[in-house]
Amino acid sequence: MGKRGGRGEETAEIENDDVEETRDHHHHHVETKTIPPWKEQITVRGIVASLIIGIIYSIIVMKLNLTTGLVPNLNVSAALLAYVFITSWTKILVKANIVTTPFTRQENTIIQTCTVACYSIAVGGGFGSYLLGLDKKTYEQAGIDTEGNSPGSYKEPGLDWMIGFLFVVSFVGLLALVPLRKIMIIDYKLSYPSGTATAVLINGFHTSKGDKMAKKQVNGFMKFFSLSFVWSFFQWFYTGGEQCGFVNFPTFGLKAWRQTFYFDFSTTYIGAGMICSHLVNLSLLLGAVLSWGVMWPLISDKKGDWFPQNIKESSMKSLNGYKVFISIALILGDGLYNFLKTLLCTIKSMHATFNNKKNLKTDDKNETLDDLQRNEAFIKESIPIWVACIGYLFFSVISIIVIPIMFPQLKWYYVVVAYILAPSLSFCNAYGAGLTDMNMAYNYGKVSLFILAALAGKDNGVVAGLIGCGLIKSIVSISSDLMHDLKTGYLTLTSPRSMLVSQAIGTAIGCIVAPLSFFLFYKAFDVGNPDGEYKAPYAIIYRNMAILGVEGFSALPRHCLELCYGFFAFAVAANLSRDLLPKRFGKWVPLPMAMAVPFLVGGYFAVDMCVGSLVVYVWHRVDGRKAGFMVPAVASGLICGDGLWILPSSILALAKINPPICMSFLPTLRS
């Protein structure tokens, strides 16, 4: 259930706990000082701040993408970091007696929007899924002898074509829904919970009471940021070799360690666990126990019976086939159910709105002064519809010309059809996201992947499917994100024009920063190795989905299909029971999407995430009020400190400077 944080990649239902609390009182009274005109809301210092925060976040997100494929929602954290950055900057200038312009909530919103647009490209740009699924290593992993995985159907990652591809596909999505923003936000009053939570946080920073709280958050952030950075630096010294360092500490003994159950001291995953809900983390743990604790050892014993004895484990005809296809079944079952549910909610809600049009007019009189002021600010500086339409056509035409040249397997008429269907798909997704906070973009992407792979046939199917998936997913995801940001802008009285411009600037920065941060990992570490740290689990999942689209079920190993049916049914049943049971029971039903991730990756990060959950639980017990506003700050500090250490560590790896010590664990030798 990709939440908005999951922009793009399949991301378990990951939502800040404070979103829940903010839903009720988002009609905060906004202090009405004069609002700066839209051109003044975008500042040079704001763009510099966005660039720096965007780079840090792109690297963090890229690491998560290439290790577990699970990315938590970092919006609230981006707004906090923007505030930290600009307040520190103004303090330094004031000490140097340089006069600075005051830091407004509008500027804060613009920086947050620009940052999120930048790192969203790293999440949804397919570096851990459909683009990486094209490389030679994934092609070989899927089995050269597999039918449908046709010879030569790969394209090695390259900076030039990746940056070009992102520029071509990312800007179309910005303009797809611009004409509908008034309907979505003012007429339908959609809640966009993540957008609302971010606005409440930003409005809170820029009030006199919020100032004291913000100072505490900033101090907490800085303390845990430096702790996390120093800890990562310390750990590095012990990782000189394969399976060395604290990362491989056999917490529960060596036998459990072989089945990937251990605590790996990663502050990134602990921080992510603090941001995710308890349900996500427990679902991850359940998935890990079920797969690595029970199923894989049992299936391994069937070697020679269910699958041939002599092929290596990473082949799709061996144990790896079960891992990949069972997780695909869970993801598809969960995705399909939520997709249909969101669609039904959307249709029902729209039907009710059309029926109540008469009542809406009488309701207008009851709107508060704040609402009327927001509506006025939101409509006054609107974006002309002709600009949006011409822009959409212009970018679509470029895409229709360029993509078939880059990927001859994807014919130009498929691209035309994609761009004709995209706005209506974007509308469905953005409307659903407004009601439920779920970004379903990857589901639209997967449907197009299967359809295009089947249409393009045996020789071109895999590449056409993967690239077509990326096309649809980019447009649908980015347009939904823009609505979230416009909701934040609406609640902080920020002009829609400056929001669109900052989103465009962020997207342009992201199209360059994301491929660069990907290559930092690709060149420095062994990306895509199923036994290494950077497994990139979704690359092989997406490639195999495309092969399934071309080949049907003949690609699966023995008894795998029956297991897939079982897990698909389990995913649907789990979702049904969550929706139909009374809430006190329903809230304990595990999330199939989160359970699917450890099937491929292993249990270690689920243990870390649960440690994060435990920290939050104990903290809320001890001091609930303080925990409420400090958890996002501390979690962001932990994630960013570890994230910043990735830069020097990958530079050291590129310079061939290895850590001096290998700390590893062996069983005692019995005499």
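Biologist: How far is the sulfur of C114 from the closest cysteine sulfur?
Modeller: In this predicted model, the closest cysteine sulfur to that of C114 is in C118. A disulfide needs the two sulfur atoms within 2.5 Å. C114 is too far from C118 for a bond, because the gap is 7.2 Å.

Biologist: Is C114 buried or exposed?
Modeller: The relative accessibility of C114 is 3%. Buried means under 20%. C114 therefore counts as buried.

Biologist: Which cysteine sulfur is closest to that of C469, and how far away is it?
Modeller: C469 is buried, at a relative accessible area of 0%. The closest cysteine sulfur is too far for a bond. That sulfur is in C511, at 17 Å.

Biologist: How many disulfides does a search of the whole structure find, and which residues form a disulfide?
Modeller: The search of the whole structure finds 1 disulfide.

Biologist: What is the handedness of the disulfide of C244 and C662?
Modeller: Handedness here follows from the torsion about the S-S bond. That torsion is about -70 degrees, so the disulfide is left-handed.

Biologist: How do C244 and C662 count in terms of accessibility?
Modeller: C244 has a relative accessible area of 5%, so C244 is buried. C662 stands at 41% relative accessibility.

Biologist: Which residues have the most contacts inside the largest nonpolar core?
Modeller: The largest nonpolar core has 179 residues. Its largest share, 19 residues, comes from helix α20 (residues 441–491). A second, separate core of 8 residues includes F339 and I472. Inside the largest core, the residues with the most contacts are Y57, M184 and I403.

Biologist: What separates the C-alpha atoms of C345 and T436?
Modeller: C345 is in helix α15 (residues 319–355). At 31% relative accessibility, C345 counts as partly exposed. C345 and T436 are 91 residues apart along the chain. Their C-alpha atoms are separated by 9.1 Å.

Biologist: Is the pair of Y413 and Y414 stacked or edge-to-face?
Modeller: This is one of 45 aromatic pairs found in the whole structure. The ring centres of Y413 and Y414 are 5.1 Å apart. Planes over 60 degrees apart count as edge-to-face. The planes of Y413 and Y414 are at 65 degrees, so the pair is edge-to-face.

Biologist: Which residues do ring pairs link into a cluster?
Modeller: Ring pairs have their centres within 6.5 Å. Such pairs link W231, F234, Y238, F246, F249, F263, F265 and F665.

Biologist: The charged end of K155 sits over the ring of which residue?
Modeller: K155 lies over the face of W161, at 5.3 Å from the ring centre. The charged end of K155 also sits 5.3 Å from the centre of another ring, that of F407.

Key:
Residues are numbered from 1 along each chain as its sequence is written. This is a predicted model: local features need pLDDT of at least 70, side-chain atom pairs count only at pLDDT 80 or more; totals for chains, interfaces and linings use all residues. Side-chain values use heavy atoms; hydrogens and water are left out. Buried means under 20% relative accessible area, exposed over 50%, partly exposed in between (1.4 Å probe, protein chains only). A nonpolar core is a set of buried Ala, Val, Leu, Ile, Met, Phe, Trp, Tyr and Cys residues joined through side-chain atoms within 4.5 Å. Helices (H or I, at least four residues) and strands (E, at least two) are DSSP runs, numbered from the N terminus. Rings of Phe, Tyr and Trp (its six-membered ring) pair if their centres lie within 6.5 Å; planes under 30 degrees apart count as stacked, over 60 as edge-to-face and the rest as tilted. A charge sits over a ring if NZ of Lys or CZ of Arg is within 6 Å of the ring centre and within 35 degrees of the ring normal.
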